[in-house]
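The sequence and the structure come first.

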Amino acid sequence: MSCPVSPVLASPVAAHDHHAHSSGVCPITGNTHAYCPPQPGDLRSPCPALNTLANHGFLGLKEGYQLSSVLAYFLAFGGFFLLAQYRNMSLADLARHNLIEHDASLFHVDAHKEDEYAPIPVNDSLMNVALERGGRYQPGRMTLEDVANIRVKREAECRPLDGVHAEIARGEMAVAIGILGGENAGTYGLDMDVLRLWVQQERLPDGWTPSHTQGLYHTYKMATVIRERMKNMKEGKIHNPLDDETGSQTDETAKTK
């Protein structure tokens with residue numbers, strides 16, 4: 001049986017339990033939910049939401065992000081269904097290409113067509129482009145409208161998404177903005193410094209706690225804003241201001257492979 005591959009070391013490591021929170025306290029930090037980056041042998045996924053929970057020692061979506069029970073169960077059981085993996089599973093399994101993970105990510109390069117697993121590390125070029133393109137409607141904040149603009153541009157660079165993965169791509173940003181942006185995030189978006197911290201370091205801001213319960217219906221409404229704006233741009237009914245950019249802001253390493 002081969003050893004798991006650590007995204008931290010990019011090399012095989014032996015199985016271990018030195019980072020297990022068996023007592024409810026992180027053995028590295030000595031704290032319950034203080035940030036602790038992945039240790040050698042720890043596995044992570046392409047999903048910053050779940051990686052952040054792991055880096056803070058949270059086991060559940062409800063506990064870490066204060067999702068409603070309905071939304072938490074919807075995401076959890078939806079994930080199990082798409083992976084069709086009901087027993088042993090690690091965060092790294094979420095990188096299995098085109099199950100939950102998808103092309104045209106705002107923060108990750110696409111997998112090669114023949115690869116079973118997609119790249120896990122965040123691509124700094126893609127992340128910087130996304131953050132540079134945000135803030136058009138609320139200074140310093142990533143709004144749902146910004147996400148729609150950015151997704152249209154990104155999808156034009158990549159292999160087409162099917163309906164399920166297009167919905168996942170919109171929904172994941174709606175969830176992120178809804179959780180981290182506060183109760184009025186649908187209007188005012190998410191502070192981009194917080195978004196950068198969450199994506200790049202996969203951590204929560206110091207002292208952050210959820211300000212509200214993020215529910216399924218609220219998330220659906222936010223995703224609908226993104227969906228409808230994207231649809232109207234693709235149909236030429238409204239203009240995408242990002243089309244006015246001169247040249248490509250994305251370097252060759254961030255394009256579809």
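How many helices and strands does the secondary structure of the chain come to? The chain has nine helices and four strands.

## Basis of the description

The model is predicted, and local features need pLDDT of at least 70, side-chain atom pairs count only at pLDDT 80 or more, while totals for chains, interfaces and linings use all residues. Residues are numbered from 1 along each chain as its sequence is written, and side-chain values use heavy atoms, with hydrogens and water left out.

## Overall architecture

Helices (H or I, at least four residues) and strands (E, at least two) are DSSP runs, numbered from the N terminus. Read from the N terminus, the order of elements is β-β-α-α-α-α-β-α-α-α-β-α-α.

The chain has 257 residues, of which 46% count as buried; buried means under 20% relative accessible area, exposed over 50%, and partly exposed in between (1.4 Å probe, protein chains only). Contact means heavy atoms within 4.5 Å. Of the contacts in the chain with a separation of 6 or more, 61% are between residues 24 or more positions apart.

## Nonpolar cores

A nonpolar core is a set of buried Ala, Val, Leu, Ile, Met, Phe, Trp, Tyr and Cys residues joined through side-chain atoms within 4.5 Å. The largest one holds 40 residues, and Tyr65, Met142, Ile177 and Trp198 touch the most other members. Two or more residues each come from helix H1 (48–55), helix H2 (61–65), helix H3 (69–83), helix H4 (124–133), helix H5 (144–156), helix H6 (163–181), helix H8 (192–201) and helix H9 (216–234). The largest contribution to this core is that of H6, with seven residues. Apart from this core lies another, of five residues, including Ala104, Cys158, Leu161 and Ala169.

Beyond its neighbours within four places in sequence, methionine 142 contacts Ala130, Leu131, Gly134, Val147, Ile150, Ile177, Gly189, Leu190, Met192 and Leu195.

H4 is mostly covered, with seven of its 10 residues buried. These are Ser125, Leu126, Met127, Val129, Ala130, Leu131 and Arg133. The elements covering them include strand E3 (141–142), H5 and H8.

The axes of H4 and H8 come within 11 Å and cross at roughly 165°; axes are lines fitted to C-alpha atoms, for helices over the stretch in contact, and angles run from 0 to 180 degrees between N-to-C directions. H4 and H8 are therefore roughly antiparallel, on a scale where angles under 35 degrees count as roughly parallel, over 145 as roughly antiparallel, 65 to 115 as roughly perpendicular and the rest as oblique. Their crossing is right-handed; a crossing is right-handed if the near helix is turned clockwise from the far one by less than a right angle, and left-handed if anticlockwise. From H4, Asp124, Met127, Asn128 and Leu131 meet Met192, Leu195, Arg196, Val199 and Gln200 of H8. By class, this contact has five nonpolar, two polar and two charged residues. Ala, Val, Leu, Ile, Met, Phe, Trp, Tyr, Cys and Pro count as nonpolar, Asp, Glu, Lys and Arg as charged, and the others, Gly among them, as polar.

## H6 and H9

The axes of H6 and H9 come within 8 Å and cross at roughly 125°. That makes H6 oblique to H9, and the crossing is right-handed. H6 contributes Glu167, Arg170, Gly171, Ala174, Val175, Ile177 and Gly178 to the contact, and H9 contributes Thr219, Met222, Ala223, Ile226, Arg227 and Met230. These residues divide into seven nonpolar, three polar and three charged.

## Loop residues

Most residues other than glycine have a negative phi. Glutamine 66, in the loop between H2 and H3, has a positive phi of about 60° and is partly exposed at 30% relative accessibility. Glutamate 202, in the loop between H8 and H9, also has a positive phi, near 55°, but counts as buried at 12% relative accessibility.

Isoleucine 120 is found in the loop between H3 and H4 and is buried, with a relative accessible area of 16%. The C-alpha atoms of isoleucine 120 and serine 45 are separated by 5.9 Å, although the two are 75 residues apart along the chain.
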